[in-house]
Amino acid sequence: MTLPLPNYYSYSMAVGDGSGTEYSTAYDGRITGIRVWENSGSYIRGIQLRYEGNWTTPVCTSYYSPLEMTLRDSESIIQVSGKYGSGYIYEIMFVTSQGRSLKVGQPYGTSFNLYPSLDGSELRFLSGRQNGNGITSIGAHWAVYYTDDSKA
């Protein structure tokens with residue numbers, strides 16, 4: 001008889017109004033970088049994650065220069081917070097396991113705070129909706145990340 005595997009996954013429900021097309025940044029490997037584009041002095045226009053050495057397709061738009069953070073070895077994203085209102089995500093902040101953060105956008109709207117429900121979890125991917133102009137909702141998917149070495 002096989003025993004069920006323990007649950008190492010959690011989901012932080014999406015925040016925001018959620019209009020537009022669904023997106024997901026799911027990709028193989030560990031997140032090693034983040035890029036965020038802001039509509040100057042306004043809402044978040046786009047997000048892109050790097051997994052190992054591979055950048056995902058930007059979510060929504062990637063006009064102008066993004067703000068970017070490269071994660072260090074053994075560093076992971078453990079919290080995503082910010083503000084949303086008037087149909088868009090206006091501010092987003094990614095916090096790492098080493099206490100560093102990337103904060104982009106304007107402090108406008110209702111606050112949100114997304115984090116894993118299981119100890120040792122890290123951000124695996126983001127999902128939500130975008131309308132071609134900006135990010136309208138965002139949710140976070142968390143899991144404990146195992147390598148072949150860590151299973152031994």
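Biologist: How many bridges join E9 to E10?

Modeller: This is a predicted model, in which local features need pLDDT of at least 70 and side-chain atom pairs count only at pLDDT 80 or more, while totals for chains, interfaces and linings use all residues. Residues are numbered from 1 along each chain as its sequence is written, and side-chain values use heavy atoms, with hydrogens and water left out. Strands (E, at least two residues) are, like helices (H or I, at least four), DSSP runs numbered from the N terminus, and two strands pair if DSSP finds at least two bridges between them. E9 and E10 run antiparallel, and the number of bridges joining them is five.

Biologist: Which residue in E10 is the bridge partner of Phe-94?

Modeller: E9 and E10 form a hairpin with four residues between them, and Gly-99 in the turn has a positive phi of about 80°. Across this pairing, the partner of Phe-94 is Leu-102.

Biologist: Which residue in E9 stands opposite Gly-82?

Modeller: E8 and E9 also make a hairpin, with two residues between them, and Ser-86 in that turn has a positive phi of about 50°. Eight bridges join these two antiparallel strands. Opposite Gly-82 stands Ile-92.

Biologist: What order do the strands have in the open sheet of four that includes E9?

Modeller: Strands of a sheet pair through backbone hydrogen bonds, either parallel or antiparallel. Besides its pairing with E9, strand E8 (residues 77–85) is joined to E11 by five antiparallel bridges, and one facing couple there is Lys-83 with Ser-111. The sheet pairs in the antiparallel sense, and its order is E10-E9-E8-E11.

Biologist: Which strands stand at the edges of that sheet?

Modeller: Look for strands with a single partner, because these have one side left without a neighbour in the sheet. They are E10 (101–105) and E11 (110–114).

Biologist: What is the average twist from one strand to the next?

Modeller: To get this, axes are lines fitted to C-alpha atoms (for helices, over the stretch in contact), and angles run from 0 to 180 degrees between N-to-C directions. From strand to strand, the twist averages 15°.

Biologist: How many of the nine residues of E9 are buried?

Modeller: Buried means under 20% relative accessible area, exposed means over 50%, and partly exposed is in between (1.4 Å probe, protein chains only). E9 is largely enclosed by the rest of the structure, because the count of buried residues among its nine is eight.

Biologist: How far apart are the ring centres of Tyr-43 and Tyr-88?

Modeller: Rings of Phe, Tyr and Trp (its six-membered ring) pair if their centres lie within 6.5 Å; planes under 30 degrees apart count as stacked, over 60 as edge-to-face and the rest as tilted. By this rule there are five aromatic pairs. The planes of Tyr-43 and Tyr-88 are at 10°, so the pair is stacked, and the centres are apart by 3.9 Å.

Biologist: How many residues apart in sequence are Tyr-43 and Tyr-90?

Modeller: Tyr-43 and Tyr-90 form an edge-to-face pair, 6.2 Å centre to centre with 85° between the planes. Tyr-43 lies in the loop between E3 and E4 and Tyr-90 in strand E9, so the pair ties together parts whose separation in residues is 47.

Biologist: What is the phi of Tyr-64?

Modeller: Most residues other than glycine have a negative phi, and most peptide bonds are trans. Tyr-64 lies in the loop between strand E6 (59–60) and strand E7 (67–70), and at 74% relative accessibility it counts as exposed. Although Tyr-64 is not a glycine, its phi is positive, at about 70°.

Biologist: And is Glu-52 buried, partly exposed or exposed?

Modeller: Glu-52 sits in the loop between E4 and strand E5 (54–55), and its phi is positive as well, near 55°. At 42% relative accessibility, Glu-52 counts as partly exposed.
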